[in-house]
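Subject: The structure for you to look through

Hi there,

Here is the structure I promised to pass on to you. Please open it next to this email and follow along as you read.

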Amino acid sequence: MATMKIKKGDLVKVIAGKDKDKEGKVLAVNSKKNTVLVEGINMITKHTKPSMANQQGGIVHQEGPIDISNVMYVHKGTATRVGFKMDGDKKVRFAKATGDVID
């Protein structure tokens, strides 16, 4: 299985779909389904029953999953591809556009 190039907390830009050119922070990554949840992107309407946690119930707006291939990592304001390289004995991510180490 390939390593995920996008991680939770990354700033990403949507490159395809109805929310194209929008940016947001990654809330969650699902590596089994290759999807990400991005803050404010792919908003869906969910009808919820009243429960102990949500006494009122009703209509809730929340983020839906988007395929990881439809987002790009944003580094210094520009979308860039992400690669891996060895920094000494440690494997690190780097932005391919600038060559800067991300983490």
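This is a predicted model: local features need pLDDT of at least 70, side-chain atom pairs count only at pLDDT 80 or more; totals for chains, interfaces and linings use all residues.

Two strands are said to pair if DSSP finds at least two bridges between them. With that in hand, look at β1 and β7: these strands pair in the antiparallel sense over three bridges.

**The chain as a whole**

How many helices and strands does the protein chain have? The count is zero helices and ten strands, so from the N terminus on the elements read β-β-β-β-β-β-β-β-β-β. The C-alpha trace spans about 55 × 30 × 20 Å along its principal axes. A compact globule of 103 residues would have a radius of gyration near 13 Å, whereas the protein chain has 17 Å. Of the 103 residues, 27% count as buried. The accessible surface comes to about 7000 Å², and carbon and sulfur atoms hold 52% of that. Among contacts with a separation of 6 or more, 37% are between residues 24 or more positions apart.

**The sheet**

Strands of a sheet pair through backbone hydrogen bonds, either parallel or antiparallel. Here, six strands form an open sheet in the order β6-β3-β2-β1-β7-β8, with antiparallel pairing. Which strands stand at the edges? They are β6 (66–67) and β8, and each has a single partner strand, so one side of each is left without a neighbour in the sheet.

Further in, three bridges join β1 to β2 in the antiparallel sense, and V12 stands opposite G24 in β2. Strand β2 (residues 23–30) is also joined to β3, by four bridges, and these two run antiparallel as well. On that side, V26 stands opposite V38 in β3.

Now try colouring the side chains of β1, which alternate.

Is T80 buried or exposed? T80 lies in strand β8 (residues 78–80) and has a relative accessible area of 4%. Buried means under 20%, so T80 is buried. Beyond residues up to four places away in sequence, T80 touches M72, Y73, H75, A95, K96 and A97. A polar atom of the T80 side chain also lies 3.4 Å from the backbone nitrogen of K96.

T98 lies in the segment after β10 (90–95). With a relative accessible area of 43%, T98 is partly exposed, because that value falls between the 20% and 50% cut-offs. The side chain of T98 reaches the backbone nitrogen of D100 at 3.3 Å. How far apart are T98 and T80? They are 18 residues apart in sequence and 8.5 Å apart in space, C-alpha to C-alpha.

Enjoy exploring, and write back with any questions!

Best wishes

Conventions
Residues are numbered from 1 along each chain as its sequence is written. Side-chain values use heavy atoms; hydrogens and water are left out. Buried means under 20% relative accessible area, exposed over 50%, partly exposed in between (1.4 Å probe, protein chains only). A polar contact is a pair of N or O atoms within 3.5 Å; within protein, one must be able to donate a hydrogen and the other to accept it, and residues adjacent in sequence count only if both atoms are side-chain atoms. Contact means heavy atoms within 4.5 Å. The radius of gyration is taken over C-alpha atoms; the globule rule is 2.2 Å times the number of residues to the power 0.38. Accessible areas come from the Shrake-Rupley method with a 1.4 Å probe; for residues, only the protein chains shown count as cover.
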